[in-house]
Amino acid sequence: MRSPFAPACPARQWRVAAVELGPSGPGAGELSRVLACQRAADLADRPGEPGICPAELRGLLVPPYCGRRVLFTATDVTGHVVGWARLGLYEAFHRDVAHAAITVHPAVRRCGVGSMLLDALAWAARTWHRSRLIVDAPRTRATEAFASRHGLFVSGRDLHSRLDLDGPELPHRLVAAVNPAAANPGGLPRQRRRHARPGPGDGFATLCWSGPCPDEFLSGYVSTLDYLHAAQPSGPLPAPSPADASAPDSDTNSRFEPGSSPGVTPFTSAEVRHREQSASRAGLREYTVCLIDQTTGRIAALSSAHTPDGLRGEQNETVVAPDYRGLGLAVRVKAQLIRGLLAAEPSLAILDTYNAVDNHRMLAVNRRLGFRPLDTHAAWTLTL
Ligand SMILES: CC(C)(COP(=O)(O)OP(=O)(O)OC[C@H]1O[C@@H](n2cnc3c(N)ncnc32)[C@H](O)[C@@H]1OP(=O)(O)O)[C@@H](O)C(=O)NCCC(=O)NCCS
């Protein structure tokens, strides 16, 4: 029954339409109609924060590798978008799951728009023979109530953290991470270290690029990236992180969406190239740093991030290959990435990251660099 405290709804009829998107995402007109709705929601849900920009929205709407992206819009009688949802259907991995997100314009919340969109998503996911629909959303009073009303349960949780790139302590933290001796010239450790911390000149060379991975490093990059599999939950419910996990950051637009079960499908060069092309088509600028073992030529650690507007950045993955764990390379590669980002994108003010709440090692790395927790996102799951 509708709560007596729910606001009165305008006497309007909503119409939900679905369109499967091509490699470039929606056309400019469709994008700007959805953008207006999302910006109104951002203003209401995240006051004081910069709203979404076109490249970021387009990045969310391009099809995943070997998969489909469907855009759902709910419109009022005048044709205004009052809510929208996106559905991701993967074919290369976890074919039993569909991933989604829903946003409703603040002016029409509690008027059934979110429920209509969820019904449409569930119907489409069933049509594509999916057994679970996973909706990514921050944990708020509204989402908790909406989820419980529709029988969605939490199958994974991500901590959303943020680094202020103009914070006064950051330069020191970055020096300490990249070159601990320079940050503490007295030589005496200020606190007991759990790991030996190699400095520069210790056999690791730094390799940086923006945009696509250079051809000659692609296969090594794919091999190291694939160690992400070792740290991902293997079933619908998240497993505790192994003690020495590879410390991945989440990649919100990839196979590692919260609550998914990636199985054992390895990364391929084709998938990495697809991701790069999609990002570039959307207008996202990507940056990557690797630490290369100079003896073997292997990529020991990698970290990447992107920005849609030069103001806000988002971390993609950070991985340390198993043979190189416990050497402090995760902090170091991430610090070098942040330095590179600041050099290439001097107006960048914040860097956001999402990590599984049980990924204790990556969360510790983030704390050392100065990331602070903002909120928690849940993988709300509907069994179809
Ligand atoms: C969560 C969200 C999608 C709900 O959309 P909506 O159109 O307001 O949802 P509905 O009107 O279909 O609500 C259905 C039921 O969910 C519950 N509900 C939704 N919002 C609620 C709120 N703020 N407080 C309490 N209950 C709420 C109620 O039981 C409601 O039924 P009722 O209004 O008859 O009591 C919307 O608040 C939103 O866009 N939030 C920001 C984006 C987001 O978090 N998306 C994730 C969705 S899981």
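## A pair of facing residues

V16 stands opposite A74 in strand 2; strands here are DSSP E runs of at least two residues, and helices are H or I runs of at least four, both numbered from the N terminus. The partner of strand 2 is strand 1 (residues 15-20), and six bridges join these antiparallel strands. Strands count as paired if DSSP finds at least two bridges between them.

This is a predicted model, so local features need pLDDT of at least 70 and side-chain atom pairs pLDDT 80 or more, while totals for chains, interfaces and linings use all residues. Residues are numbered from 1 along each chain as its sequence is written.

## Strand 2 and its hairpin

Strand 2 also pairs with strand 3 (residues 81-90), antiparallel again, over nine bridges. Here T75 sits opposite V81. Five residues separate the two strands of this hairpin, and G79 in the turn has a positive phi of about 90°.

Seven of the nine residues of strand 2 (residues 67-75) are buried, so the rest of the structure largely encloses this strand. Buried means 20 or more other C-beta atoms, placed from the backbone, within 10 Å of a residue's own.

## Around the ligand

Now for the ligand: 26 residues surround it, with R109, G114, S115, A137 and A145 the closest.

## The whole chain

Zooming out, the protein chain has 11 helices and 12 strands. Of its 384 residues, 44% count as buried.

Definitions and conventions: A residue is near a molecule or strand if its C-beta atom, placed from the backbone, lies within 6 Å of it. A residue is buried if 20 or more other C-beta atoms lie within 10 Å of its own, exposed if 12 or fewer, and partly exposed in between; C-beta atoms are placed from the backbone.
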